[in-house]
Amino acid sequence: MDLLNKLQWRYATKAMDPTRPVAQDKIDRIIEAARLAPTSSGLQPYEILVVKNPALRAQIREVAWNQAQVTDASHLLVFAAWDDYTPERINHMFDLTNEVRGFRNEGWEAYRQQLLSTYPGRGAQVNFEHAARQAYIGFGAAVIAAAFEEVDATPMEGFDPAAVDAILKLREQNLRSVVMLPLGYRKAEQDWLVNLPKVRRPLDQFVTEVN
């Protein structure tokens, strides 16, 4: 119930207080929640950039519909997906699994070969779109974790991804921006949304039981 109460409390904050920084331990736990999120085949095909540089954040704001949260928030997280599934990336994650678990499993190695024989050949755009969907799983975990920490957040797709990629030099890192998450504390007196009721479809319009 405590988590549900905090999810009721959260909303897409429209005005952030630039004078109130979020404690680093809270940021660390929010990012860790995203890191621990599940991904398809455990490949974890995305990264999180914590953009601290004020000049870069000002540039990003210009290509994000001038949304003030980009610069006023305490922290700006950019979720960037792999631009493709390459054999090197796939092998790295399988090798890491073997290293962490301390053994090699025949079934796991067969699964490695299955991915190597299918993923790279699907094409970069198909693979990026798949990786982007995985990034959203981690993004959702971060949004929930922020609510649990009572940190305000603004889920943000309203930006020019190609421009953000250029500002952060993501293409040189074989990454593409997907979604952003400014984190901070609401400036209630300037936020038109703060006191409005949360609107969600009733449960009977949202859930269908299939027996």
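Which residue in β2 does glutamate 47 stand opposite? Glutamate 47 faces alanine 80.

## Basis of the model

This is a predicted model, in which local features need pLDDT of at least 70 and side-chain atom pairs count only at pLDDT 80 or more, while totals for chains, interfaces and linings use all residues. Residues are numbered from 1 along each chain as its sequence is written, and side-chain values use heavy atoms, with hydrogens and water left out.

## Elements and sheet

The chain has nine helices and four strands; helices (H or I, at least four residues) and strands (E, at least two) are DSSP runs, numbered from the N terminus. Their order from the N terminus is α-α-β-α-α-β-α-α-α-β-α-β-α.

The four strands make an open antiparallel sheet, ordered β1-β2-β4-β3; two strands pair if DSSP finds at least two bridges between them. Because β1 (46-51) and β3 (152-153) are at the edges with a single partner strand each, one side of each has no neighbour in the sheet. Between β1 and β2 (residues 75-82), which run antiparallel, there are six bridges.

Helix α7 (residues 124-148) packs on the sheet and touches β1, β2, β3 and β4 (175-184), where contact means heavy atoms within 4.5 Å. The direction of α7 makes about 10 degrees with that of β4 (axes are lines fitted to C-alpha atoms, for helices over the stretch in contact, and angles run from 0 to 180 degrees between N-to-C directions).

## Chain as a whole

Along the principal axes, the C-alpha atoms fill a box of roughly 60 × 50 × 30 Å. Of contacts between residues at least 6 apart in sequence, 80% join residues at least 24 apart.
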